[in-house]
Amino acid sequence: MLGQVFERFVEKSPISVMVRAALERVLSADRLDLWYRRTAQKPYTRARLFSTVYDLMSQVVFGVQPSVRAAYRAHAADVGTSLISVYNKLSGLETPTSAELVRSSARELAPRIAHMDGERAPWLAGSRVKIIDGNCLPASAHRIQELREAEGRALPGKALVVSEPAQGLVT
């Protein structure tokens with residue numbers, strides 16, 4: 001599922017292979033679809049599975065494709081439904097469902113990070129530090145010219161994000 005995102009790192013960085021294996025286990029298509037059926041308040045999976053939409057959207061978020069439309073065109077044969085259906089699925093995703101995907105992924109990954117001694121030194125000894133950040137970007141918002149080519153671009157939407165720097169996870 002994440003092949004295009006990490007493929008460029010596999011040959012030159014063994015740690016990328018380990019990260020890829022962990023992410024593919026936690027975010028495998030079967031697990032995502034099962035998780036979606038259990039979590040969504042109104043799950044609908046008749047023609048397009050959650051994992052398919054997740055895969056298309058992840059290509060946009062990671063900068064592999066510039067848009068959902070481009071990701072769809074690159075994988076139309078694998079998607080098995082129309083672009084309109086993909087957009088309908090995306091617009092029908094409930095906010096609590098998206099939030100729970102982040103939380104459950106963090107719950108799955110945290111023990112793996114700890115097992116590999118991947119936790120960072122705490123910022124404040126004896127305390128669990130969390131960082132909260134957010135944005136509200138309308139689709140019409142334009143980025144300043146200097147940041148338009150940056151890889152870590154924000155997508156339109158609203159987000160309130162809590163991260164835990166010791167684990168390096170968004171929780």
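What pattern does the protein chain follow, read along the sequence? The pattern is α-α-α-α-α-α-α-α-β-β-β. The model is predicted, so local features need pLDDT of at least 70 and side-chain atom pairs count only at pLDDT 80 or more, while totals for chains, interfaces and linings use all residues. Residues are numbered from 1 along each chain as its sequence is written, and side-chain values use heavy atoms, with hydrogens and water left out.

**Overall layout**

- The protein chain has 8 helices and 3 strands. Both are DSSP runs numbered from the N terminus: helices are H or I with at least four residues, and strands are E with at least two.
- Of the 171 residues in the protein chain, 30% are buried. Buried means under 20% relative accessible area, exposed means over 50%, and partly exposed lies in between, with a 1.4 Å probe and protein chains only.
- Among contacts in the protein chain with a separation of 6 or more, 58% are between residues 24 or more positions apart. A contact means heavy atoms within 4.5 Å.

**Helix α3 against helix α8**

- Helix α3 (residues 29-39) packs with helix α8 (residues 95-115) at an angle of about 125°, and their axes are 11 Å apart. That angle makes α3 oblique to α8.
- Axes here are lines fitted to C-alpha atoms, for helices over the stretch in contact, and angles run from 0 to 180 degrees between N-to-C directions. Angles under 35 degrees count as roughly parallel, over 145 as roughly antiparallel, 65 to 115 as roughly perpendicular, and the rest as oblique.
- The crossing of α3 past α8 is right-handed. A crossing is right-handed if the near helix is turned clockwise from the far one by less than a right angle, and left-handed if anticlockwise.
- On the α3 side the contact is made by R31, L32, W35, Y36 and T39, and on the α8 side by T97, E100, L101, S104 and E108.
- By class, this contact of α3 with α8 has 4 nonpolar, 3 polar and 3 charged residues. Ala, Val, Leu, Ile, Met, Phe, Trp, Tyr, Cys and Pro count as nonpolar, Asp, Glu, Lys and Arg as charged, and the others, Gly among them, as polar.

**Helix α4 and its partners**

- The axes of α3 and α4 cross at roughly 115° and come within 8 Å. This crossing of α3 past α4 is also right-handed.
- A29, L32, D33, W35 and Y36 of α3 make the contact with F50, S51 and Y54 of α4. The residues of this contact divide into 6 nonpolar, 1 polar and 1 charged.
- α4 and helix α7 (residues 83-91) have axes that come within 10 Å and cross at roughly 95°. That makes α4 roughly perpendicular to α7.
- In α4, F50, V53, L56 and M57 meet V86, K89 and L90 of α7. The contact of α4 with α7 has 6 nonpolar residues, no polar ones and 1 charged.

**Aromatic rings**

- The structure holds 3 aromatic pairs. Rings of Phe, Tyr and Trp (its six-membered ring) pair if their centres lie within 6.5 Å; planes under 30 degrees apart count as stacked, over 60 as edge-to-face, and the rest as tilted.
- W35 and F50 form a tilted pair, 5.7 Å centre to centre with 45° between the planes. W35 lies in helix α3 and F50 in helix α4 (residues 50-61), so this pair ties together parts 15 residues apart in sequence.
- W35 and F50 are buried.
- The ring centres of F50 and Y54 are 6.4 Å apart and the planes are at 40°, so this pair is tilted. F50 and Y54 are 4 residues apart in helix α4, which means about one helical turn separates them.
- Y54 is buried, as is F50.
- W35, Y36, F50 and Y54 are linked into a cluster by ring pairs.

**Two single residues**

- P96 lies in helix α8 and is partly exposed, with a relative accessible area of 42%.
- P96 and T39 are 57 residues apart in sequence, and 8.7 Å apart in space from C-alpha to C-alpha.
- Leaving aside neighbours within four places in sequence, P96 is in contact with Q41 and R103.
- D117 lies in the loop between α8 and β1 (131-137). At 70% relative accessibility, D117 counts as exposed.
- D117 is not a glycine, although it has a positive phi of about 55°. Most residues other than glycine have a negative phi.
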